[in-house]
Amino acid sequence: MNIQTIKGFKDILPDEIPKWDFVEQLLRKLFKSYHYKEIKLPILEETTLFARSIGTGTDIVEKEMYTFDDRDGKKITLRPEGTAPVVRSLIEHNLMAATPLAKLFYIGPMFRRERPQKGRYRQFYQAGAEAIGPSGPLQDVEMILFLSQFFKEMRISNLTLEMNSVGCPQCRPNYKALLQEFLKDKQTGLCENCQRRTLINPMRVLDCKNESCQKMLHNAPEMVHFLCGECHDHFEEVKSGLGVLHTVYRINPRLVRGLDYYTRTAFEWKSDFQGAQNTIAAGGRYDGLVKELGGPDVPGIGFAMGIERVIALMDPSLTPEIELPLFIAALGKTAQEAALLILAELRENHIGAEMDFQNASLKSQMKKADRYNARYVLIIGEDELKSGKATLRQMKTKEQEELPLQTIGETLLEKLRPPI
Ligand code: ATP
Ligand code: MG
């Protein structure tokens, strides 16, 4: 039987790569102007890192993690998210001592064993950013602004920014108790998961994707009304900052994050499309996480964005079809050697060029050039060699011209060099 990819995993084929390149290049450019530096971290971490940070009552830790025993018996996990590894690294290398505010970004694969659907995979890619260290509410605004600019430059409209505050360890327990009380007599209307969540993590009921559970939440108490003074002021300042930038948002009192470490600001960018897979990017503040993982008591905020979901929504005109600038059709051994020299000169100048090493007929080489979507074809045959000229054919217009072989390199470079 043929071997195929594992369920929920997928190949990203060459035709899709221009989109991925575009997204990554834009991200890198924007991150640079927002003064974020890249960090590359391992894909495997000790299981404890995620269990301790994400929280044991969460979907990710309960059922989505790829966890294995290493050969020495140690439990290791394919990373399901990027924030905990970033924080682990900052602590391990004492990076917070070296910078007043660590502003970092990552781009790479994450792994969660969930039910595969369109826009939901078991290996997927995230781009994320973290700002860790003393900051203020406008740091939250900066993160949101980054995404807002990114989506604008990707020409993705139809996105809604949703905001909420999930409070802090001072005000949340009180709210959780109220919510638990509210949910007590609604258990029969809730899904099995939410019945369990009511006991261990009642706020997770709020963002259950089950419609029947959502119906039970009518008139449920809302965290925003139970924030402590400091959380309230923080949220007001975030909203005011967004107002200054004319950023449109919607308060969603049901918005919570699926990970336990979040505090205060939570936000999500959602699209109109894709049904249950409509969250494109999500983030929030995690003021207790660094201390929880053994570092100093500093606040942090971050977001993660699903790259597959961005690519599904991006404007295709941003990545026009790839074109091969030049194909050389050379006929006969001597012509092929001449072509090889021209090819080398073009490639030394970083111009894309290709030829056929099969020494096939002119017809079959022209076919190849077509398949490669070549802009020009240079034809060098025995006759051309004798007369010291080659034929350059523009594939779209079918126009042809004779070019002297002696200066062919320079002539082609002039024609093919991309405009500066
Ligand atoms: P969802 O509600 O869709 O399950 P989540 O709350 O689990 O998302 P986060 O942990 O906040 O997602 O991850 C941030 C982003 O990463 C999501 O908004 C989404 O774009 C992307 N993402 C998360 N899980 C997957 C997945 N299994 N496949 C593809 N993209 C994903
Ligand atoms: Mg999820």
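## Exercises: sheet, helices and rings

Y175 has 0% relative accessibility, so Y175 counts as buried (under 20% relative accessible area; exposed is over 50%, partly exposed in between; 1.4 Å probe, protein chains only). The model is predicted: local features need pLDDT of at least 70, side-chain atom pairs count only at pLDDT 80 or more, and totals for chains, interfaces and linings use all residues. Residues are numbered from 1 along each chain as its sequence is written, chains are lettered from A and ligands numbered from 1 in the order in which they are written, and side-chain values use heavy atoms, without hydrogens and water.

**Exercise 1.** Find the strand order of the open sheet and the strands at its edges.

*Solution.* 
- Step 1. Take strands as DSSP runs (E, at least two residues) and helices likewise (H or I, at least four), numbered from the N terminus. Two strands pair if DSSP finds at least two bridges between them.
- Step 2. Eight strands give the order β1-β5-β6-β11-β10-β9-β7-β8, with mixed pairing.
- Step 3. β1 (37-38) and β8 (250-251) each have a single partner strand, so one side of each lacks a neighbour in the sheet.
- Step 4. Check the β8 end: β7 (residues 159-165) pairs with β8 in the parallel sense over two bridges. The partner of M163 there is I251.

**Exercise 2.** Classify the ring pairs F31 with F303 and Y175 with F226.

*Solution.* 
- Step 1. Rings of Phe, Tyr and Trp (its six-membered ring) pair if their centres lie within 6.5 Å; planes under 30 degrees apart are stacked, over 60 edge-to-face, the rest tilted. The structure holds 16 such pairs.
- Step 2. F31 and F303 are stacked, 6.5 Å centre to centre with 15 degrees between planes. F31 sits in α1 and F303 in β11, 272 residues apart. Both are buried.
- Step 3. Y175 and F226 are tilted, at 6.0 Å and 35 degrees. Y175 is in α6 (residues 172-183) and F226 in the loop between α8 (211-216) and α9 (229-244), so the pair ties together parts 51 residues apart in sequence.
- Step 4. F226, at 30% relative accessibility, counts as partly exposed.
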